[in-house]
Amino acid sequence: MPLAACLIWRTYGNDPLPTPRQALNEPLRRFPLWFLRVECSRCGAVQVVNEVHAPRRDLPIRTILARMRHEVCGGRVAKAELLSGVEAAVRRIVLWSP
Ligand SMILES: [Zn+2]
């Protein structure tokens, strides 16, 4: 089912971004091609997943983050951001931060 254009935030453009609270309640697929960057609460390792490769993109980002565990140490998400790019992110939404 195609999503209405107004419910999609691109990695480019000047349209207003949602607040962290709004973004957390949106399915990840409404941020096509964005990178989800998370930091582990135990070891501090950083993982970056592109929306395209994320499992269950249909779930709210809040749910995805709550389920995430670091494969190596089993830690939870300490910090999470949505970034428009890895090298140079021009758009950024800080979702969770300690
Ligand atoms: Zn870890």
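User: What is the radius of gyration taken over, and what is the globule rule?
Analyst: The radius of gyration is taken over C-alpha atoms, and the globule rule is 2.2 Å times the number of residues to the power 0.38. Keep in mind that this is a predicted model, where local features need pLDDT of at least 70, side-chain atom pairs count only at pLDDT 80 or more, and totals for chains, interfaces and linings use all residues. Residues are numbered from 1 along each chain as its sequence is written.

User: Why does the protein's radius of gyration agree with a compact globule?
Analyst: With 98 residues, the rule puts a compact globule near 13 Å, and the protein has 13 Å, so the two agree. The C-alpha trace spans about 40 × 30 × 25 Å along its principal axes.

User: What makes a stretch a helix or a strand here?
Analyst: Both are DSSP runs numbered from the N terminus: helices are H or I with at least four residues, strands are E with at least two. On that basis the protein has two helices and four strands, running α-β-β-α-β-β from the N terminus.

User: How do you know which strands pair in the sheet?
Analyst: Two strands pair if DSSP finds at least two bridges between them. Strand 1 (residues 35-40) and strand 3 (residues 77-83) have six bridges, in the antiparallel sense, with Cys40 opposite Val77. Strand 3 and strand 4 have four, again antiparallel; there, Leu83 has Arg92 as its bridge partner.

User: What makes strand 2 and strand 4 edge strands?
Analyst: The open sheet has four strands in the order 2-1-3-4, with antiparallel pairing. Strand 2 (46-50) and strand 4 (92-96) each pair on one side only, and that makes them the edges.

User: Why is a set of residues called a nonpolar core?
Analyst: The name applies because its members are buried Ala, Val, Leu, Ile, Met, Phe, Trp, Tyr and Cys residues joined through C-beta atoms within 7 Å. Buried means that 20 or more other C-beta atoms lie within 10 Å of a residue's own (exposed: 12 or fewer; partly exposed: in between), with C-beta atoms placed from the backbone. The largest such core has 16 residues, and Ala23, Phe31 and Trp34 are among those with the most contacts inside it. Helix 1 (20-25), strand 1, helix 2 (61-67) and strand 3 each supply at least two residues, and strand 3 gives the most, with four.

User: What makes two residues a contact, and which ones does Trp34 touch?
Analyst: Their C-beta atoms, placed from the backbone, must lie within 7 Å. Leaving out residues up to four places away in sequence, Trp34 touches Thr11, Glu51, Leu82, Leu83 and Ser84.
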